[in-house]
Amino acid sequence: MKPSARIAEDTAEAFAADFLEQVIDSHVFIGAYIEQVLAKRANLIFQYVEDDTYYGVAIKHMSGEAFIALNSYQPLRMRYFTAAHELWHLSEASKWQIDGFDHERAADRFAAAIMLPKSMTKEIWEKLKDNHDTKTAIIYLADMAQVPYVAVVRRLRELHYRFSDLSEQESDWREERKHLGIAPSPLDQAQRFESFSAYEQVVVKAVEEERLTRLSAANKLSVYRPDLARALQEDEVSRLQEDAADD
């Protein structure tokens, strides 16, 4: 490993330990709660983009406001890991402009250290491997932590466990799961939905202040909040019917 990569990973590991102590301070896997943690630090956007290579992105507006987009086309376990990855880009360390510092590598290590804390992961792994074959134990640990299978493989290697012939492709692990007769997991499925709460709030406020009609607002919200868009449409239709009756 290059010295610059080592620095990035060691830095991310240290930041992750501090972060976990502040946020959760408990010996449990953070799992799906990572999205709630992220939502407290940035405007969270859920998109459904049918692109296997798109996971998410961090954007900072010129006002300083942060936006994080997550692709809900990805399986849940991948989406949660992406949320943890993007948290790095909101950290103080992400502002460093040190020559050669690999922020993407640091973000991956930060995510792994948050989702699979060192001491707890080692403790559980030691118990799992005593009772199961290696591949089964990796699948069980991935389910417990709600992370990608490949994240478990890489994390265990970071913790100095040595393996051979283990795939780093998620699709291979899903097939392995079937081969081993382990029940399917909902974490391997996408949960399709789209949401942009900050945008919703701006649109609703514009309606309340009569800067936008309900129909225009419904059109703007039809993708992110179809239920709210439908309610706005129904309100507008009722209002028009009442006006027509009065005439």
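At what angle do helix 7 and helix 8 pack, and how far apart are their axes? In this predicted model, local features need pLDDT of at least 70 and side-chain atom pairs count only at pLDDT 80 or more, while totals for chains, interfaces and linings use all residues. Residues are numbered from 1 along each chain as its sequence is written, and side-chain values use heavy atoms, with hydrogens and water left out.

Helix 7 (residues 149-158) and helix 8 (residues 170-180) pack at about 105 degrees, with their axes 8 Å apart. The two helices are therefore roughly perpendicular to each other (angles of 65 to 115 degrees). Helix 7 contributes Tyr149, Val150 and Val153 to the contact, and helix 8 contributes Glu170, Trp173, Arg174 and Arg177 (contact means heavy atoms within 4.5 Å).

The structure holds 10 aromatic pairs (ring centres of Phe, Tyr or the six-membered ring of Trp within 6.5 Å; planes under 30 degrees apart count as stacked, over 60 as edge-to-face and the rest as tilted). Trp88 and Phe101 form a stacked pair, 6.5 Å centre to centre with 15 degrees between the planes. Both residues are buried (under 20% relative accessible area, 1.4 Å probe, protein chains only). Trp125 and Tyr161 form an edge-to-face pair, at 6.3 Å and 65 degrees. Trp125 is buried, with a relative accessible area of 1%, and Tyr161 counts as buried at 14%.

Definitions and conventions
Axes are lines fitted to C-alpha atoms, for helices over the stretch in contact, and angles run from 0 to 180 degrees between N-to-C directions. Helices (H or I, at least four residues) and strands (E, at least two) are DSSP runs, numbered from the N terminus. Angles under 35 degrees count as roughly parallel, over 145 as roughly antiparallel, 65 to 115 as roughly perpendicular and the rest as oblique. Buried means under 20% relative accessible area, exposed over 50%, partly exposed in between (1.4 Å probe, protein chains only).
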